[in-house]
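Please have the structure open while I talk.

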Amino acid sequence: MRQRHNLLISGTHVISMDPAIGDIPSADILIRAGQIIDVAPHDPDREAGDAQIIDAAGTVTLPGFVDTHWHLWNSLLRGTVGDRPGTDYFTVKRALAPHFELDDFYWAARLGLAEATSGGITTVHNFDHNVRGPGDADANIQAHLDSGLRGRFSYGPPDSAAPSSTNDLDDLAALRARWPRDRLDGRLDFGVALRGPYRTPPEVYEREWAAARSLGMPITMHCDRCLREEGCRSCGLARLEELGLLGEDVQIVHAVHASEQDIHALARTRTRVSLSPMTEMRTMGFPLLTELLEAGVRVSLSLDTLAMPTSADILGHLRTIMSVETARTGSGTVTPRKLLQFATIDGAKDLGLQEQVGSVTPGKRADLVILRSSDINLVPSGDPVEALVYTGQVDNIDTVIADGRILKRHGRLEPADDADNPVLVAATRRDALLRRAAAAGDWPVQPISDPPTAADEGRP
């Protein structure tokens, strides 16, 4: 694990996402033992003590981005999903999921988390809907800890599990004993990924909900009936409210075809919604961001999957969302600052981490992203928030700090001293996966891609 260093970020423009602090055009941020100690106007004579000084003149510093729904296990499927017949996401996922080996789960997660780091995402909710046994869960958890990032692991069923089968509830209960708090470095907690009433019968979903709530584990569930029901105009969330399945411990994902009644049910029960606009617009329709916000529903943002394919370009995603909502509704409810809020403090609130991360606030953990504001695409600039959302790029990210550890510096990932590079390993693992699937008759024999070289290291 990378070592934490005491740090003084000197002379940066802070966009704190904390109303009590606001934006500070030139500020210093003092970090000790992974915690933000002070955020104050820049003082060129400030005593740094034993802190390593990061000269941050000409930069903007934000809280690290928070992704609230990401299927890390299928990161290896990037490059196999496309627009050709038989290469849609669900066909590919179902064909290849049974052929994953234990190391595939580990390196798929490490690849996704490396790309998250490169894109300034410091917290990831791993919605794992292909847990075939305790070893698969452990591989994902270990990968997350090795990455240096913060997050949640939500334990789901095997891919394409029979509706009559439950999650592995015995192992769900054993998970905390196997992974006590002192092994998790204060950076990871656990949740449950459930299929719900439209995919499983009452004897399954009632038992799963009861088990999750008895363990105090937050619940996440896809609401994507639109993928299975032609002409769908309702997510059926009002029915879930009647069944007592909604609430502050529940996160609903997508809900693209939520009716007015569904949206009011979400608002009444304070159920959270994670939207994945890039994949939703590709396969489901327009996310109802404005409608959810105007009804008072708590909303956060997510990537969904690298397999679709997508990338961890959060600023590019925010720009797309801004344009789509302006064209779709013209309401002005969605603004650049509101979008940054979704990607930071609102994401932290979704995962119950608002006391730890999501804003640049003394006392919180040091999860930060520093961007060069002097890059050509960001000058000249008026409002830095608008500049980041309208013209910001991943390439502008200079430094990423997670829990006080520097994971990216001067635009390049900082690999751990004793770790293989996930960017180099992932292509090899993916090609071996395809060979196994082809040998079983589940995948057409195709030319194998050339793996990345050492020259590509640090560029996920």
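Let me begin with strand β8 (residues 150-155) and strand β9 (residues 188-194), which pair in the parallel sense over 5 bridges, where pairing requires that DSSP finds at least two bridges between two strands, and where strands (E, at least two residues) and helices (H or I, at least four) are DSSP runs numbered from the N terminus. Within this pair, Phe153 stands opposite Phe190 in β9.

A word on provenance: this is a predicted model, in which local features need pLDDT of at least 70 and side-chain atom pairs count only at pLDDT 80 or more, while totals for chains, interfaces and linings use all residues. Residues are numbered from 1 along each chain as its sequence is written, and side-chain values use heavy atoms, with hydrogens and water left out.

Taking the sheet as a whole, 8 strands form an open sheet with parallel pairing, in the order β6-β7-β8-β9-β10-β11-β12-β13. β6 (65-70) and β13 (298-301) stand at the edges with a single partner strand each, so one side of each is left without a neighbour in the sheet.

Turning to the helices, α3 packs on the sheet and touches β7 (121-128), β8 and β9, its direction making about 170° with that of β8; contact here means heavy atoms within 4.5 Å, and angles run from 0 to 180 degrees between N-to-C directions of axes, which are lines fitted to C-alpha atoms, for helices over the stretch in contact. Helix α5 (residues 202-214) also packs on the sheet, touching β9, β10 (219-223) and β11 (250-254), and its direction makes about 145° with that of β10.
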